[in-house]
Amino acid sequence: MLVDDFMPAYDVSDGVGTRVHADTGATWDALMEVDLIAVGRNRPLVGLLGAVRMLPEVAAHLLHGERPPAAPERLRLRDIADLPTEGGGWVLLGERPGEEIALGLVGKLWRPVIQYASVRPEDFRDFAEPGYAKTVYSLAVAPLEGGDTLLKGIMRVATTDEHARVWFRRYWTFGVGSGAHVLVNGVVEDARDRAEGGPPRQQPVKPRS
């Protein structure tokens, strides 16, 4: 897989998967049409995680008298790579059309306002500047018996030195690991719903007891 090419060694890894009652072509097309903005809107927990992560960056803009950048109206997986790196834009590391897409990001993720590094796809695997964490998200489809499809998402993170490893471990331990799982799972579930012919399901907010 592309994720193995770009990050064969890593500090942490997480994966989600689901069986889709549709063929690989329909599932892949559905995955490419997933709107990440809508995923956050339809799944309150995903939206909350995204909002909490953005708050420090928004505050930093306001403190400097700057207007925070406006969120796009729609954001698909391929669109992420068009965002500027300093705004959290990901690098499209590679794509096997109809099979797998891999996105990468390099930054000091544990900081309240993330400091990103601009890295080209061809330099991503060997990037080793001290003090950073490298993240790969891979989403892929594979055929199953009976014409169904396995849709899976894999996330891996590798740090570039011991200092970064210590800080990232703290960051990961304080709930970020489960948050990353929720975010990828939201994308996978949305693509599954689309491929099976139904509208993306809204996740209800549980009332407080």
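**Entry 1: the hairpin of strands 2 and 3**

I looked up the hairpin of strand 2 and strand 3, which has 3 residues between the strands; there Gly-98 takes a positive phi near 80°. The model is predicted: local features need pLDDT of at least 70, side-chain atom pairs count only at pLDDT 80 or more, and totals for chains, interfaces and linings use all residues. Residues are numbered from 1 along each chain as its sequence is written, and side-chain values use heavy atoms, with hydrogens and water left out.

I noted that strands (E, at least two residues) and helices (H or I, at least four) are DSSP runs, numbered from the N terminus. Strand 2 (residues 91-96) and strand 3 (residues 100-108) run antiparallel and are joined by 5 bridges; two strands pair if DSSP finds at least two bridges between them. Arg-96 stands opposite Glu-100 of strand 3.

**Entry 2: Ser-138**

I then followed Glu-100 to Ser-138, as a polar contact of 2.6 Å joins their side chains. A polar contact is a pair of N or O atoms within 3.5 Å; within protein, one must be able to donate a hydrogen and the other to accept it, and residues adjacent in sequence count only if both atoms are side-chain atoms. Ser-138 is found in strand 5 (residues 133-143).

Is Ser-138 buried or exposed? I recorded Ser-138 as buried, because its relative accessibility is 1%; buried means under 20% relative accessible area, exposed over 50%, partly exposed in between (1.4 Å probe, protein chains only).

**Entry 3: strand 6 and its partners**

I found 9 of the 11 residues of strand 6 (residues 149-159) buried, so this strand is largely enclosed by the rest of the structure. Strand 5 pairs with strand 6 in the antiparallel sense over 11 bridges, and Leu-139 stands opposite Gly-153 in strand 6. The hairpin of strand 5 and strand 6 has 5 residues between the strands, and in it Gly-146 takes a positive phi near 80°. Strand 1 (residues 12-20) also pairs with strand 6 in the antiparallel sense, over 9 bridges; Asp-14 has Met-155 as its bridge partner.

**Entry 4: the cores**

Which residues touch the most other members of the largest nonpolar core? Among them I listed Leu-139, Trp-110 and Phe-168, in a core of 38 residues. A nonpolar core is a set of buried Ala, Val, Leu, Ile, Met, Phe, Trp, Tyr and Cys residues joined through side-chain atoms within 4.5 Å. Helix 7 (162-195) is one of the elements that each supply at least two residues of this core; the largest share, 10 residues, comes from helix 7. Apart from this core lies another, of 16 residues, including Val-3 and Ile-154.
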